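Hello,

Here is the structure I promised to hand over. Please have a look at it first, and then read on for what turned up in it.

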Amino acid sequence: MKNRILTLMIALSLGATVTSCKDKAKEAEATTAEPVAETVATADTYKVDVDSSTIEWKGAKPTGEHFGTISITSGELSAEGNTIESGMFTIDMNSIVALDLEGDKKQNLEAHLKGTVEGKEGDFFNINEFPTATFEVTGLTTNDANKTMLSGNLTLKGIKKNVSFPVTVSTTENTLSLVSETFAIDRTQWGVNFGSKSVFDNLGDKFIDDDIILTVKLKATK
């Protein structure tokens with residue numbers, strides 16, 4: 001009896017943990033692209049420090065999950081104090097790294113995600129045709145929960161959609177730091193349809209979640 005109670009408590013605890021993780025990864029709704037924000041003359045310009053900037057990613061399926069990083073290769077942001085006025089950054093799609101695997105499994109997953117496997121180029125990101133993605137700032141607002149929301153046009157696989165996600169921005173005399181809360185995007189909005197049960201029927205438990213979980217960590221200097 002005690003073992004049954006203990007098992008039930010562990011299951012409930014794990015269930016609460018999973019729910020908590022999903023709650024933290026709020027989906028950033030993809031909407032029609034918006035006009036890019038213009039630079040304000042009084043704003044300071046910061047160049048992205050590519051060695052200190054990264055995007056963390058996570059994808060899931062019924063049998064588990066994979067996670068890793070992807071590099072930001074260039075970019076500039078304009079800000080007045082801690083308020084970002086405009087800017088953009090470029091993402092190197094060839095830099096996708098899986099951190100949860102090693103050896104052949106790691107190489108095979110990275111090649112599949114990049115689209116360098118013959119016959120599977122279009123399954124995910126097809127870097128030969130779309131080597132980069134971009135994010136262009138369209139605005140900064142405060143939501144009902146008093147969180148700072150960064151909005152911008154994300155161009156991925158040649159498709160441009162506007163997304164918004166919570167960020168914390170801080171500046172010193174010469175540096176700017178931007179860290180997002182963990183958020184999700186629906187990959188099918190950018191034509192990344194492989195294994196999606198919202199696109200394909202009869203996948204059973206062989207599907208991959210539509211949501212890609214992201215965290216943006218960006219450093220920039222004047």
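A residue is called buried under 20% relative accessible area, exposed over 50% and partly exposed in between, using a 1.4 Å probe and protein chains only. At 44% relative accessibility, P62 is therefore partly exposed. Before more of that, a word on the source: this is a predicted model, in which local features need pLDDT of at least 70 and side-chain atom pairs count only at pLDDT 80 or more, while totals for chains, interfaces and linings use all residues. Residues are numbered from 1 along each chain as its sequence is written, and side-chain values use heavy atoms, with hydrogens and water left out.

Back to P62, which sits in the loop between β4 and β5 (strands are DSSP runs of E with at least two residues, helices runs of H or I with at least four, numbered from the N terminus). Leaving aside residues up to four places away in sequence, P62 touches D205 and F207, where contact means heavy atoms within 4.5 Å. D209 is 147 residues from P62 in sequence, yet their C-alphas are 8.4 Å apart in space.

Next, helix α2, made up of twelve residues (103-114). From first C-alpha to last, α2 reaches 17 Å, close to the 16 Å expected at 1.5 Å a residue; that expectation is 1.5 Å times one less than the number of residues. L109, E110, A111, H112, L113 and K114 are buried in α2, and their cover includes β4 (54-61), β5 (64-80) and β6. After α2 comes G115, with a positive phi near 85°.

Strand β6 (residues 83-98) is also the place of S95. S95 counts as buried because its relative accessibility is 13%, and among its contacts beyond four places in sequence are T69, I70 and S71.

Which residues pair through their rings? Ring pairs link F89, F135, F165 and F183 into a cluster; Phe, Tyr and Trp rings (for Trp the six-membered one) pair if their centres lie within 6.5 Å, and planes under 30 degrees apart are stacked, over 60 edge-to-face and the rest tilted. The structure holds five aromatic pairs. In one of them, F124 and F125 have ring centres 6.4 Å apart and planes at 35°, so this pair is tilted. F124 and F125 are both buried.

Enjoy exploring it!
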